[in-house]
Amino acid sequence: MDLETVKERAGPRQFAPKDDMPEEYRKAATRMIQFHANSEVMGGYLEKPFIRQAPSIDRKLAFSAKVQDEIGHAQLLYRAAESLGVKTRDEMLDELARGDGKFLNCFHYPMESWHEVPMIAFFVDGAAMHRQATLKNTSWTPYAHAMDKVCFEEGFHVKHGESMLSELMNGSKATQEKTQAAFETWWPRIIQFFGPTNDKSVHNDFAQEVGLKTKSNDELRDTFLDTYVPKAEKYGLVVPEYPRIEYDEELDTYHVNEDDLNWDEFWTIAKNASEGSHEQINSRAQAQEAVEWVRESMHGWEGASGAGTPQAAD
Amino acid sequence: MIWEVFRQDKPGAYHKHCGNVHAPDRELALQFAAVQHGRRMKTHSLWVVPHDEIGEIDADETSFGGTTDKTYRWATSYTDIEPAAPEVAESEAEQADVEKSLEADS
């Protein structure tokens with residue numbers, strides 16, 4: 001299929017592994033899904049240490065279930081990415097361990113206290129789900145199918161994340177202040193989740209033209225703010241003065257003043273070059289190395305039992 | 001040789017198991033599947049898979065999802081939280097449907 005035909009036919013779940021897709025499409029889709037899969041891994045690893053810090057047994061159960069879900073989402077997404085025939089799962093995991101694999105800006109920052117956890121578990125997950133819901137209509141069918149299951153599970157994550165936030169903001173004054181401080185630290189990063197404005201985005205146009213994405217960075221960021229600014233305020237969080245968030249009465253939507261955000265930091269992170277990037281990537285790489293023996297053992301088993309070699313059709 | 005047949009009714013949908021056919025090889029299995037399972041039902045694509053290649057585990061052998069209380073995994077359990085956004089409400093509604101079907105079977 002040539003690129004013109006792809007653009008003509010682009011629509012929800014229009015293309016499948018059986019279709020002969022041009023290289024440009026397969027590469028763009030791989031880049032996007034690999035980024036998404038890497039982000040699930042890195043988010044899961046950032047949250048994992050906080051299972052131990054959960055303040056109650058209910059939170060511990062729910063939060064460990066959530067981390068387990070995120071790693072499961074990574075598995076689904078690496079499969080969807082592999083189905084494009086550009087890279088294998090092993091290649092993508094190696095790239096992540098080497099520091100070549102790219103992932104979401106928010107997961108390049110260290111997280112130090114439980115007060116920060118709902119910043120990820122509610123706001124970042126809420127932002128992710130807001131984007132993922134639109135990706136149910138992506139043109140690459142295996143990606144859309146992964147999104148069906150991911151979105152099914154994320155409803156629990158976002159509601160539980162909000163429940164954590166609600167608990168903290170109904171706690172002591174000191175707890176509320178620490179949560180507010182965490183919010184102020186994380187808020188600009190959360191807004192940058194949606195990436196640069198459309199005019200600065202490198203991949204946006206092509207991804208939309210071939211139906212991989214259905215909404216632009218700007219549209220998603222604005223509608224996210226419309227929903228989550230009132231939510232933050234409901235729990236008594238004060239939205240920081242900067243970056244300036246303006247309400248556009250004509251369009252009935254919020255806009256962020258892009259110039260108030262630290263884009264140098266964002267682009268450093270996008271190159272995996274911040275101090276936090278190195279920390280997060282290295283700790284993940286160590287974890288991957290520590291369980292190398294499990295993969296080795298499974299590979300040995302695969303060869304020994306003959307699985308993977310299809311039997312003759314006789 | 002038995003081949004299990006999976007039918008997809010339209011592009012982008014899931015291939016769902018719809019039956020099986022006898023055939024000596026993959027090519028004929030596809031032809032028989034097209035005739036037997038794609039003749040009347042709306043069909044966009046069919047998969048055939050050798051029956052022997054399918055692994056199975058059933059409810060007699062394992063307790064799917066475990067036996068402990070896992071209500072904390074369900075969005076519906078957090079009753080004091082209003083879904084933050086339409087996509088959260090949609091996810092919760094999907095979960096509520098599954099929970100209903102689980103209750104109906106037990």
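## Overall form of chain A

With 314 residues, chain A has a radius of gyration of 20 Å, which agrees with the value near 20 Å for a compact globule of that length. The radius of gyration is taken over C-alpha atoms, and the globule rule is 2.2 Å times the number of residues to the power 0.38. The model is a predicted one: local features need pLDDT of at least 70, side-chain atom pairs count only at pLDDT 80 or more, and totals for chains, interfaces and linings use all residues. Residues are numbered from 1 along each chain as its sequence is written, while chains are lettered from A and ligands numbered from 1 in the order in which they are written.

The C-alpha trace of chain A spans about 70 × 45 × 35 Å along its principal axes. Its secondary structure comprises 12 helices and 2 strands, where helices (H or I, at least four residues) and strands (E, at least two) are DSSP runs numbered from the N terminus. The order from the N terminus is α-α-α-α-α-α-α-α-α-β-β-α-α-α. Of the 314 residues in chain A, 39% are buried. A residue is termed buried if 20 or more other C-beta atoms lie within 10 Å of its own, exposed if 12 or fewer, and partly exposed in between, with C-beta atoms placed from the backbone. Among the contacts in chain A with a separation of 6 or more, 72% are between residues 24 or more positions apart; two residues are in contact if their C-beta atoms, placed from the backbone, lie within 7 Å.

## Helix H4 of chain A

Helix H4 of chain A covers residues 89-98, and Met92(A), Leu93(A) and Leu96(A) are buried in this helix. Seen down the axis of H4(A), the buried residues fall within an arc of 95°, so they line one face of the helix. The arc is that of the directions from the helix axis to the C-beta atoms. The cover over these buried residues includes helix H2 (23-47), H3 and helix H11 (275-290) of chain A.

On the face of H4(A) turned away from the buried side are the exposed residues Asp90(A) and Arg98(A). After H4(A) comes Gly99(A), with a positive phi near 90°.

## The hairpin and local backbone features

Strand S1 (residues 245-248) and strand S2 (residues 253-256) of chain A pair in the antiparallel sense over 4 bridges; pairing requires that DSSP finds at least two bridges between two strands. Asp248(A) stands opposite Thr253(A) in S2(A). The two strands form a hairpin with 4 residues between them. In its turn, Asp252(A) has a positive phi of about 55°, and this residue is exposed, with 8 other C-beta atoms within 10 Å.

Arg13(A) likewise has a positive phi of about 55° although it is not a glycine. Arg13(A) lies in the loop between helix H1 (3-9) and H2 of chain A and is buried, with 20 other C-beta atoms within 10 Å. The peptide bond from Tyr242(A) to Pro243(A) is cis, with omega near -5°; Pro243(A) is located in the loop between H9 and S1 of chain A.

## Chain B

A compact globule of 106 residues would have a radius of gyration near 13 Å, but chain B has 20 Å. Its C-alpha trace spans about 60 × 35 × 20 Å along the principal axes. Chain B contains 2 helices and 3 strands, in the sequence pattern β-β-α-β-α. Buried residues account for 15% of the 106 residues, and residues 24 or more positions apart provide 38% of the contacts in chain B with a separation of 6 or more.

Chain B is divided into domain 1 (1-51) and domain 2 (75-102), with bounds from an automatic or database domain assignment. The C-alpha centres of these two domains lie 35 Å apart.

## Contact between the chains

The contact involves 31 residues from chain A and 23 residues from chain B. On the side of chain A that touches chain B, the elements giving two or more residues are helix H3 (57-82), helix H5 (117-135), helix H6 (141-169) and helix H9 (217-234) of chain A. H6(A) supplies the largest share, 14 residues.

By class, this side of chain A has 14 nonpolar, 11 polar and 6 charged residues. Ala, Val, Leu, Ile, Met, Phe, Trp, Tyr, Cys and Pro count as nonpolar, Asp, Glu, Lys and Arg as charged, and the others, Gly among them, as polar.
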